[in-house]
Every structure is written in structure tokens, then in C-alpha cells.
Amino acid sequence: MTATLGLSQRARWAAGQPISHLMHRALAHPELISLAAGFVDPATLPVEISQEFAAAVLSDPVRAKKALQYGTNIGLAALREAVLKRVCTADGDLGSNVSIDQVLVTAGSNQLLHLVTDTLCDAGDIVLCAAPAYFVYLGILRNLGVRAVGIESDEDGVLLEALEEELQRRQHAGELSRVKAIYLTTYFNNPSGVTMSLERRQGVVEIARRWSLEHPLYVIEDGAYRELRYEGADVPSLWSCDASRDLVIHAQTFSKSFAPGLRTGFGILPAELMRPVCDQKGNIDFGAPNFSQYVLLEALESGRFDDHVEQLRAGYRVKRDAMLAAADESFGDLPGTSWLSSQGGLYVWMSLDESIDTGPDGRLLDLSLQEGVLYVPGEYCYPGDGTKSRRNQMRLSFGVQTPEGIRAGMGALRRAIDRL
Ligand SMILES: Cc1ncc(COP(=O)(O)O)c(C=O)c1O
């Protein structure tokens with residue numbers, strides 16, 4: 001089929017994404033309780049305040065016309081300034097050694113991840129990914145023909161010794177020049193919920209610097225869930241541990257903290273990467289959605305963005321607690337089962353007994369669908385190479401369902417396991 005269409009290699013690499021497989025199964029069972037989708041809670045989408053912010057932008061004809069016109073490739077200057085200040089403030093950082101010329105607004109942070117990877121990597125290059133990893137990013141790597149190599153992680157994030165060993169292995173294999181970046185989700189990892197400790201953040205920067213032998217070994221820090229913290233103190237970003245600001249790419253998004261429909265994310269990049277990344281972007285869309293950027297600027301400047309994030313945190317905290325309580329209730333007596341309790345984000349990562357196959361072709365997924373519940377098979381989150389892919393884990397999301405839905409979904413999952 002693909003041969004007759006004359007599709008490109010990249011199109012062929014893009015095929016067969018896990019997300020399509022899951023959507024297909026979900027669509028075939030519209031009645032089911034999805035604990036799979038990483039969507040944000042529809043109940044907390046900022047409908048009224050977005051109306052007000054959009055009206056404010058449109059009420060001034062000069063600003064309205066600017067907002068409805070094409071923007072700039074790099075993004076709205078005032079928004080770039082505001083997000084840089086926000087990240088620096090959260091980090092307790094005065095913002096020295098960095099300027100808004102290093103901030104790029106993109107159509108969601110997924111675009112930033114794609115652009116940066118496309119700018120750094122040729123097919124056959126390698127990105128080291130703390131595993132388990134955000135499976136959509138693993139898809140981006142596959143799509144670009146880039147080899148994803150998993151690095152073992154624990155409850156404090158990526159294991160520094162494992163990272164070091166992998167770099168040594170690649171050096172011995174004569175492949176060090178092909179290792180272009182390390183990818184890490186540093187806050188409430190999707191899927192595991194783990195937040196990387198400050199010591200590990202500092203350690204990763206130190207390792208990246210020491211191994212920047214043939215070219216810079218960049219660290220791509222995905223901070224998508226940073227704003228969604230329900231307890232505990234914030235941790236400075238990994239980006240802030242790189243005092244010279246020349247090795248870490250920090251990606252963030254307004255999708256989780258405000259509204260994914262505005263498709264707005266941003267990156268703070270080493271200065272020398274800005275031009276090549278913007279060149280790539282210029283060939284794609286020459287600017288993220290401009291109207292969205294004006295609306296978000298209004299949200300930030302009005303101070304109501306923070307109120308909204310506070311409300312989100314309160315709502316998600318209840319749902320997270322509902323999922324943890326339901327896990328205790330439905331799985332507490334199941335031998336070999338464990339799960340991680342996260343201080344934020346949208347996910348609970350559950351490991352079942354090693355004999356249970358949670359994979360897309362395993363019986364549990366079918367039985368779960370019959371019981372009316374869907375989860376994300378954990379094996380999607382493991383790169384094909386490096387760390388061992390595990391087949392007994394599930395990513396469970398509490399973002400979309402109500403507490404009652406979460407409880408019902410967890411009960412259905414337990415019934416499916418009992419039927420195995
Ligand atoms: C870890 C992580 N990074 C990035 C994204 C991309 O989000 P967006 O493109 O909406 O900013 C997501 C979305 O779920 C995510 O979970």
C-alpha cells in the first residue's frame with residue numbers, strides 16, 4: 001500500500017503510532033471509561049475567563065488587528081518576556097545570562113520538541129530518554145528515524161550511573177558523535193508521575209557538560225506538568241542548573257495549566273540554537289497561533305492566570321486522591337501490584353504482577369474493554385533500545401473522569417484482572 005502511494009521514508013516511520021491504536025479501540029467502545037486519555041479536565045477549562053480575555057483583546061481595534069494578523073516566527077515579545085520571567089521567578093533565579101531572544105513560542109510544546117529534535121538529529125542519531133518516557137515523544141523520534149535509547153530511572157528520576165554507562169557504551173562503539181540529546185520530563189513524568197530530584201538535575205547537567213566532547217550534548221527538559229503541583233515544594237528547573245545556559249532546552253506548555261485548544265507552548269533555548277530552530281519553524285508555520293498568544297498574555301498580565309492554576313490544582317488534587325483511594329480499595333489485596341503516588345501531574349503508574357501482560361496485544365486490554373475501561377499499556381513508554389521494556393505496567397490518568405468515574409474505572413480494571 002505505502003509502496004504504491006510513493007510515501008516518504010518519514011511518512012512510513014510515522015505509521016502505527018500507539019495513540020491511533022488506542023483511539024481506534026476507544027472509538028469502537030464509546031461507552032467506556034477512559035483512564036487512558038491525558039486530556040485536561042473538561043470541567044475546569046477556562047470558558048468564562050477566556051471569553052473575557054478574548055473580548056479584551058478584541059475591544060481595542062489596534063490590538064485586535066495585530067492579534068488577528070500573522071505574528072512573528074519567534075512569538076509575541078511581551079509573552080516571551082512574561083514566560084521567561086515566570087520560569088525565572090519559579091526557579092528563584094534572577095534571569096542572569098539569558099534574554100528573551102532565547103525564548104521561542106510554539107504551537108504547543110510538542111512542536112517545540114519536534115523542532116528541536118529535527119534541528120539536532122539526522123536519521124540514525126541517538127536521543128537518550130529517561131524511561132519510562134512520554135510516548136508521543138518516542139513517536140517523534142521514530143518519525144525522524146532517530147534511535148531512542150532508554151535509561152533506567154527510579155523515584156528520583158533518571159539514574160546518573162546508568163546515563164554515564166550508556167554514554168561509555170556508545171563511546172566504545174564509536175557512536176558518541178551520534179548521541180545528540182538527553183530527553184527528560186522533570187516534573188510529574190508522563191507516565192510515571194516521578195519528579196526528578198535537584199541532585200539528579202545537577203548531575204545530569206554535569207554529565208552532559210563532561211560528555212560534550214565532539215559537539216554539545218544537549219538536555220531537553222520537558223516541564224509540561226510543572227504548574228500542576230498538588231503538594232510539596234517546587235523544585236528549580238534543570239535548566240536553572242545550567243548556569244552558562246548553553247546546554248539545556250527547557251520546554252513548557254499552556255496546555256495543562258490553561259487550555260490545550262490554544263495550542264501554545266514555549267521553549268527557552270541555548271542562544272546558538274535559536275537561529276537553526278527558528279529556521280526550521282519558519283519553513284513550517286512562521287509563527288505559533290497569534291490570537292492565542294494575545295489571549296494568554298492578557299491572562300498572565302491580569303494576574304488571573306494564577307487564580308485559575310490554583311483552582312486547577314484544587315480540582316486535580318481531589319481526583320488524584322480519588323484515584324489513589326480507588327487503587328487501595330480495588331488493588332490493595334492484589335499480590336505483586338504497586339503504584340506510585342505523585343505530588344502532581346495527571347497520572348498514576350501501576351505495576352502488576354510480572355505474569356500479567358498489559359500490552360496492546362495482551363488479553364488484559366481486551367478484558368478491560370469488555371469491562372468498560374481503557375488504560376495506556378506501559379510498554380508504549382519504553383524506547384526499543386537500552387532499558388528493558390516492561391509489559392506489566394499501566395498508565396492511569398485521573399484528568400478527565402470525575403471521582404465517581406475514576407472509582408468505577410478502577411473497579412472495572414480489577415474485574416478484568418480477576419477474569420484473566
Ligand atoms: C510530557 C508531555 N510533554 C509535552 C506534551 C505536549 O503538550 P502540548 O503540545 O499540548 O503542549 C504533553 C502532552 O500531553 C506531555 O504529556
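Please keep in mind that the model is predicted. Two packed helices are described by the angle between their axes and the distance between the axes, so those values open each pair below.

**Helices H6 and H12**

- Helix H6 (residues 77-91) meets helix H12 (residues 290-302), with axes that come within 9 Å and cross at roughly 45 degrees.
- H6 and H12 are therefore oblique to each other, and their crossing is left-handed.
- On the H6 side, the contact is made by Ala78, Leu79, Ala82, Val83 and Arg86; H12 brings Gln293, Leu296, Leu297 and Leu300.
- Sorted by class, the residues of this contact are seven nonpolar, one polar and one charged.

**Helices H7 and H11**

- The axes of helix H7 (residues 108-120) and helix H11 (residues 271-282) lie 9 Å apart, at an angle of about 110 degrees.
- That angle falls in the range 65 to 115, so H7 and H11 are roughly perpendicular.
- The crossing of H7 and H11 is right-handed.
- From H7, Gln111, Leu115, Val116, Asp118, Thr119 and Leu120 meet Leu273, Pro276, Val277, Gln280 and Lys281 of H11.
- The contact of H7 with H11 has six nonpolar, three polar and two charged residues.

**The two faces of helix H3**

- In helix H3 (residues 18-28), the buried residues are Pro18, Leu22 and Arg25.
- Because these residues cover an arc of only 65 degrees around the axis, they sit on the same side of H3.
- The buried residues of H3 pack against helices H8 (135-143) and H14 (363-371), and against strands E12 (373-374) and E13 (376-377).
- Exposed His24, Leu27 and Ala28 are on the face of H3 turned away from its buried side.

Technical notes. Residues numbered from 1 in each chain as written. Predicted model: local features only at pLDDT ≥ 70, side-chain atom pairs only at ≥ 80, totals over all residues. Heavy atoms only, no water. Axes fitted to C-alpha atoms, helices over the stretch in contact; angles between N-to-C directions. Helix = DSSP H or I, 4+ residues; strand = E, 2+ residues; numbered from the N terminus. Parallel < 35°, antiparallel > 145°, perpendicular 65-115°, else oblique. Left-handed = near helix turned anticlockwise from the far one by under 90°. Contact = heavy atoms within 4.5 Å. Nonpolar A, V, L, I, M, F, W, Y, C, P; charged D, E, K, R; others polar. Buried < 20%, exposed > 50% of the residue type's maximum accessible area, 1.4 Å probe, protein only. Arc of directions from axis to C-beta.
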